[in-house]
Amino acid sequence: MLDIIEIRKQFPILSRKVNGHDLVYFDNGATTQKPQSVITAESNYYQNENSNVHRGVHFLSGLATDRFEETRITIQNFINAKHSREIIFTKGTTDSINIVANGYRTLLNKGDEIIISELEHHSNIVPWQMCCEHSGATLKVIPLLDNGSLDMIAFENFLSENTKLVSISHVSNTLGTINPVEEIIEKAQAVGAKVMIDGAQAASHIALNMQSLGADFYCFSAHKLYGPTGIGILYGKESVLNELPAYQGGGEMIKEVSFKKTTYAGIPHKFEAGTPNIAGVVAFKEAINFITKIGLSNIAKHEKILLQYATKEVLKIEGLKIYGIAKNKSAIISFNINKLHPYDIGMIMDKMGVAIRTGHHCTQPVMKRFNIPGTARISLAVYNTKNEIDICIKAIKKAKLMLS
Amino acid sequence: MSTIKKIQKEIIADFEMFDDWIQKYEYLIDLGKDLAPINEKNKTEENLIKGCQSRVWLHAEYTDGKIIFTADSDAIMTKGIVAMLINVLSNQDPKDVATAKLNFIKKIGLTEQLSPTRANGLVSMIKKMKLYAIAFNN
């Protein structure tokens with residue numbers, strides 16, 4: 001059993017009050033809170049280590065570069081990538097997807113096909129629409145079943161020699177569905193397609209192993225993993241990253257620049273133009289250390305218990321419907337109560353100190369699929385407790401009472 | 001004192017009676033429920049103000065020198081504020097609407113409802129009400 005009290009102590013924000021109540025933070029799908037070690041690392045970097053990376057000959061520049069590269073190796077180990085150069089620092093998951101989608105604009109042609117799904121976040125839809133617009137490729141969308149899981153038969157029917165790329169989220173941010181990514185990767189690669197997995201909602205809940213998973217690309221954001229905002233990871237297999245055209249031009253990403261011809265640096269630097277968020281990258285290492293110290297399997301166990309308890313308790317509320325009831329689910333509960341608007345529910349809960357997300361969660365196609373304007377969403381993390389779920393249930397009941 | 005100012009003063013006085021947010025919110029919910037319905041044919045795409053969180057429909061007409069607003073929202077709390085705005089600005093001279101200073105929202109402690117980041121459609125609604133007033137005034 002995890003010592004949640006001890007874990008909570010590491011998060012200063014969890015002891016603050018909101019609207020006169022103890023904060024119950026159930027919006028972890030949007031971003032997680034940060035432990036003191038991450039906050040300290042970020043300020044310590046500016047106080048003692050700040051310098052630009054990969055550039056200077058002086059002491060501090062070397063120190064900053066070492067710290068920066070230490071995180072790359074930490075991430076490599078965290079997701080068991082074969083090489084540290086397969087880890088690219090980006091601004092976030094959205095940025096990571098855009099880097100790949102932008103590269104594929106020149107790699108794809110008319111007649112080629114990209115497969116995504118109906119449950120994707122807008123950031124795993126729009127970049128591919130833009131890629132198709134530029135390349136002439138066609139976008140195919142795997143439909144959702146009523147329980148919030150993917151129609152895998154439709155997926156298999158889409159697969160052909162024209163399929164060049166499949167981009168699917170590991171976990172749905174709205175429905176919590178854990179998609180069968182192993183099966184998707186295997187089947188897509190069998191027809192010669194490359195596969196990108198959007199792991200934004202997965203990386204803090206599911207242990208990752210790139211070498212056994214076999215995805216060509218995998219991406220996630222630091223801020224959903226107890227780390228700083230503005231940092232993301234793009235993992236890519238070395239051979240695939242070498243083929244992918246560079247995204248932004250600038251410093252750091254070049255080998256040699258002349259007005260006749262500029263040659264690019266090798267990976268990972270080819271995709272890291274400009275001065276990055278060094279302090280954020282340095283602090284991200286502490287977030288990974290926080291997770292690995294507890295152990296992802298322990299985190300998953302704890303969150304599963306919370307999910308089961310919360311699901312059981314919310315379903316006791318009459319008229320409440322959960323969207324996303326796939327067998328394999330992450331700690332996310334999206335719900336509506338009768339015809340009540342999720343915005344109203346969220347506003348009342350906020351007054352009681354309970355932070356949840358309401359709206360379409362940047363997944364308008366999912367809302368359209370279920371014919372709803374939005375949902376109220378509870379998303380849990382390692383520091384959440386059963387007691388907090390009880391407070392949340394009380395707040396939901398109060399909202400229902402006031403609004404009915 | 002103009003009618004717009006007077007109505008705002010009345011709303012502020014109403015809210016001063018409430019002890020806590022629950023009473024305030026319950027009052028808003030009631031206002032939302034009691035809002036005179038908008039004619040369904042006026043719930044057009046053109047009259048729709050899309051917020052990220054809630055949606056607002058606003059229709060305006062000019063009759064006998066007065067501007068008449070009707071409106072609706074899919075969220076009841078938003079609708080409650082919509083009802084107050086209608087109460088203050090509808091059935092008024094367009095010139096008064098165009099120049100009206102709306103201070104009651106702040107005074108009754110619902111400023112956060114009018115933050116552009118809330119994306120509930122209310123900020124755009126007020127802007128649109130003023131634009132209608134300016135148009136009818138010319």
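**Group meeting: a sheet, its helices and a chain contact**

Let's start in a loop of chain A. A:Pro268 sits between strand E12 (263–264) and helix H10 (278–294) of that chain. A:Ile267 and A:Pro268 are joined by a cis peptide bond, with omega at about 0°. One caution before we go on: this is a predicted model.

Next, the sheet. Strands pair through backbone hydrogen bonds, and they can do so parallel or antiparallel. Which kind of pairing do we have in chain A? In the order E13-E14-E17-E16, four strands form an open sheet, and the pairing is antiparallel. Which strands are at the edges? Strand E13 (320–323) and E16 of chain A are, each pairing on one side only. From one strand to the next, the twist averages 30°.

Zoom in on one pair. E13(A) and strand E14 (residues 332–337) of chain A run antiparallel and are joined by four bridges.

Helix H11 (residues 296–314) of chain A lies across E13, E14 and E17 of chain A. H11 runs at about 10° to E14(A). Helix H12 (residues 342–351) of chain A also packs on the sheet. H12 touches E14, E16 and E17 of chain A, and its direction makes about 155° with that of E16(A).

A:His361 is in the loop between strand E16 (357–359) and helix H13 (364–370) of chain A. Its phi is near 55°, a positive value in a residue other than glycine. A:Asn371 comes in the loop between H13 and strand E17 (375–379) of chain A. Phi of A:Asn371 is near 55° too, again positive and again not in a glycine.

The cut-off for that is 20 or more. A:Asn371 has 6 C-beta neighbours inside 10 Å, and therefore it counts as exposed. For exposed, the cut-off is 12 or fewer.

Last stop: where the chains meet. Chain B brings 13 residues to the contact, and chain A brings eleven. On the chain B side, helix H2 (21–34) and helix H3 (76–89) each supply at least two residues. Which element gives the most to that side? H2(B) does, with four residues. By type, the chain B side has seven nonpolar residues, four polar and two charged.

How values were computed. Residues numbered from 1 in each chain as written. Chains lettered and ligands numbered in written order. Predicted model: local features only at pLDDT ≥ 70, side-chain atom pairs only at ≥ 80, totals over all residues. Contact = placed C-beta atoms within 7 Å. Nonpolar A, V, L, I, M, F, W, Y, C, P; charged D, E, K, R; others polar. Pairing = 2+ DSSP bridges. Axes fitted to C-alpha atoms, helices over the stretch in contact; angles between N-to-C directions.
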